[in-house]
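Open the model in your viewer and keep the selection panel at hand. The stops below say what to select and what is found there.

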Amino acid sequence: MSSAQVTERPALPAKREITTRPRFSDRVFRAVVTTGGLSSLVILGLILLFLLINGYDTFHQQGLHFLTSSNWQAVVSDSGKVDTANSHFGIAAMLIGTLILAVIAIAVGVPISVGAAIFLTFYAPPSIKKIMVTAIDLMAAFPSVLFGLWGFFVLESSAEYWAKLLNKFLGWIPFFKLPEPYVSRSPFIAGLVLAIMIIPIVTSISREIFAQTPLDRIQAAYALGGTRFAMLRAVAFPFARSGIVGGVMLGLGRAMGETVAVYTVLNIVYQVNWQILFSAGGNVASMILLKFGEASPYEIKALMAAGLVLFILTLIVNSLANLIVSRTGKSGR
Amino acid sequence: MSINSENNEGEKMETTTTPGSLSAIAAMHVDKKPGSQALGVGLEARGIHAWFGQKHVLSDVSLDFWSGTVTALIGPSGCGKSTFLRTLNRMHEFIPGAAMAGEVLLNGEDIYAPGVDVTKIRLKVGMVFQKPNPFPSMTIAENVLAGLKLAQLKVENKDDLLEECLERAGLWGEVKDRLNTHGGSLSGGQQQRLCIARALAVRPQVLLMDEPCSALDPGSTLRIEETISHLSSSVTIIIVTHNMQQAARVSDYTAFFLSDGGPGQMVEVGSTNDIFSRPKDKRTENYVTGRFG
Amino acid sequence: MSTIPQASKIVPQRPWKASRKDRVETGSIFVFAALVSILVVALTPLKGKLAYFVIFAIAYLAIDFVFHLRKAGRPAAVDSFFRGLVTMAILVAVTPILSILATVWIRGHKGLHLSLFTSDMRSNAFTDPVSQGGLIHAIVGTGLLVIFAMIISVPIGILTAVYLTEIRGRFTRPIEFLVQAMSGVPSIVAGLFIYAAILVPLTKTVNGIQGSLALAILMIPTVARTSQEVLKLIPNDLREAGVALGGTQWRSVAIVVVPAARSGLITAMILGVARVAGETAPILLLTGGSGAKNFNMFSGSMGSLPNYIWQAFASGTPEAITRAWAGILVLLVIVIALFSIARFLGNRKVGAK
């Protein structure tokens, strides 16, 4: 046992660093690829920068009123010069409109999407599953102008009838009140179109997460005499909960940034309207498109500022969503 | 009988488990057959076949399981012993493309008969899996009682049931102070015993164990084996194992399964003592003496 | 422990599948619920398609619940109720797809005629009879816009994916995150950005390339993420084989990895195109909507399918609306074709020749 007698252990040899100096071609390759990889950073940075530069004047002049007031007036004096003192830009009404539309879209679209994802993951026979999944993925590729036109020409007539029913039976809830009997092109109908538009993304993310439910836990639940529903409640829902929240937020981001479909379906009126069945509303994106046509360079700066607010809003929602989704994916095991 | 099994354990702990002493281990195990037969046959498999898609994986297995005994299913990988086990509580049907033939009688009634409520079958025939699979979103206590919640069963005193099940699974002493912590904090062996406690909480008549120790270290394996010995007086246990010493240590009966390229078959069944010391079939002898597999 | 003598060949059975009796029961509940809904609609003021559907749904769920409650108890009844709910969810989710496809065909095919693909709107208004004018300029425009968007975005998207899978430097996590964040940029914001960055300070007018730049921004995340998924599937030993043979990493990626992933990368490209081909909002801000063919991306107003649809829709007369639907039909056919090709390529095994 000679080793036992050694009181001082010999110092460990210094770690050698294993370095291979990459060849020239590899260094070029890495540089090119890294540049390409950083492009998303650059692009997002540039978007932020340019919208900020262009919107700066508006932010500077309007201050917080830009977010809190609902007054949009671009006053041009007789000489053609812009009257900056009397021009007011505030997007509160449209921010609230964005929120209302997104909430309707989530409230209607998410239960349908999650239910559909559960059906596809745990109930559907393989053949039906394949067809349905293809159909829903295809729906994700439909252009938004198509949803807009379909909403305007097809959904509108049915949805007006549903709106009247809601008003008749649930009119005592403030949201479902009607100040005047105009129910066409209302936030309710635009919200329904948005709900349909987010179904593909929420369904496919929920489906991916449900599909990761660990099989051994599923089997454990069945082996304990659980029905399929009991298994879902004990195993699949707790497992998928946070991932679905992430998927819902991705849908929320989609719904908040939608322009053309909302513009087509909704009667855009620049006022705060909580009565979702009434024919008036708007969101930031559609308002930008509406005002852009006739806007003076001065007003366009205000629209840029509105675009910046929308950009930051969707960026926050999407980032949170992706964070939540990727976390769930990891804890999946 | 419980006195017997306790005595056995003391001896088992000291037994060295070299392959040559399998018959010795088996011999030490008290044969329960005479006493148990009075309790009757709880579960009978009659001419069980199993398929995955077109592949015939198990052919014509008929086997009776006496109440209050431990039966070990041994055999090389791919011999159909796990598949057979899963036909006994209808877990087989979760595999896409699965099919079967034959009948499984639980207290004389076919569990595959039309109109049978499969969830009720699984309450009577519980299962413990290869890998410990406690529900991570639930606490230790909730895990044990999960079966009641899943099957919407009512019970008078949950705390008593909780303690009883954990006690029977040999886990009570280790977890009684942290019943409300999450099951994930336990070691692998403790998790497996938690799963056993969970299976016991719905008071099954039969407990199926699919290689319950294969993912565990030797110390935890020993604890599970003790638990099995304790349980065998009250529950019929059927255990699939790759570990022949384990079969010899814990089981009263042993069935040897083998596949010669075609569907798996049961080659021989008998008391564990007989299978390990006086196998009738040459193939069984080759397997238990370690010549193949 | 005796074996039962085998008299005849044993047949595989699936006793857990719904038996004939189960199917008859389910069918009866279905029919019963349908009768209830017809009766209720006939006898009460509740009318319309929605009334049929809602009453049928409620009746089915209720009858099914009671039936299973009496047959097998509460857990089984709740289970069956939930099955009914999720089945209805998938039906509701798929109904709009069918409705949209049917609508586009029914309303669009009336506006289809051969000269649609040979003439443009140079000398026609959208309100002219449908047989006059066409949308060849829009097809050309959309084709050019998409091709230039591809030229810009595909290299960037694939380089990003290569960085994320091959280099895996210290920026991997942040870039992955940013790419995902970028996929949520609203299309109107992409349009505003190009407007602010190029149209206002430089060109001061509409042209095609500006539209392509905006589309490229929307396309990059799709291309990058799909390519990344594909490159991830390339087995690592293939890479190591390349490097072990004395190749540089550059050669290993260029000669081994990318060719192995070729069909997947093409899929990524096509999915990107399908994503932006119908994009309308940035087009409206940046490219203009000429009625004549314009092959010059860098000068002059450029027509496109989304713009054609938009203008036709805005014109409002029945002729114009028919034109809009015909335009949508053409656009949808293109999108579905691209989607199908991507599906077909994507379903093939990665690395297969």
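**Stop one: chains C and B**

Select chains C and B: their contact takes 18 residues from chain C and 21 residues from chain B, where contact puts two C-beta atoms, placed from the backbone, within 7 Å. On the chain C side, the largest share, three residues, comes from H3(C); helices are DSSP runs (H or I, at least four residues), numbered from the N terminus. That side of chain C divides into ten nonpolar, five polar and three charged residues. Nonpolar means Ala, Val, Leu, Ile, Met, Phe, Trp, Tyr, Cys and Pro, charged means Asp, Glu, Lys and Arg, and polar covers the others, Gly among them.

This is a predicted model: local features need pLDDT of at least 70 and side-chain atom pairs pLDDT 80 or more, while totals for chains, interfaces and linings use all residues. Residues are numbered from 1 along each chain as its sequence is written, and chains are lettered from A and ligands numbered from 1 in the order written.

**Stop two: helix H2 of chain C**

Next select residues 49-72 of chain C, helix H2. Colour C:Ile55, C:Phe56, C:Ala59, C:Tyr60, C:Asp64 and C:His68, the buried residues of H2(C); buried means 20 or more other C-beta atoms within 10 Å of the residue's own, with C-beta atoms placed from the backbone. Their cover includes helix H1 (20-43) and helix H3 (74-108) of chain C. Just after H2(C), C:Gly73 has a positive phi of about 95°.

Definitions and conventions: Helices (H or I, at least four residues) and strands (E, at least two) are DSSP runs, numbered from the N terminus. The expected span of a helix is 1.5 Å times one less than its number of residues. A residue is buried if 20 or more other C-beta atoms lie within 10 Å of its own, exposed if 12 or fewer, and partly exposed in between; C-beta atoms are placed from the backbone.
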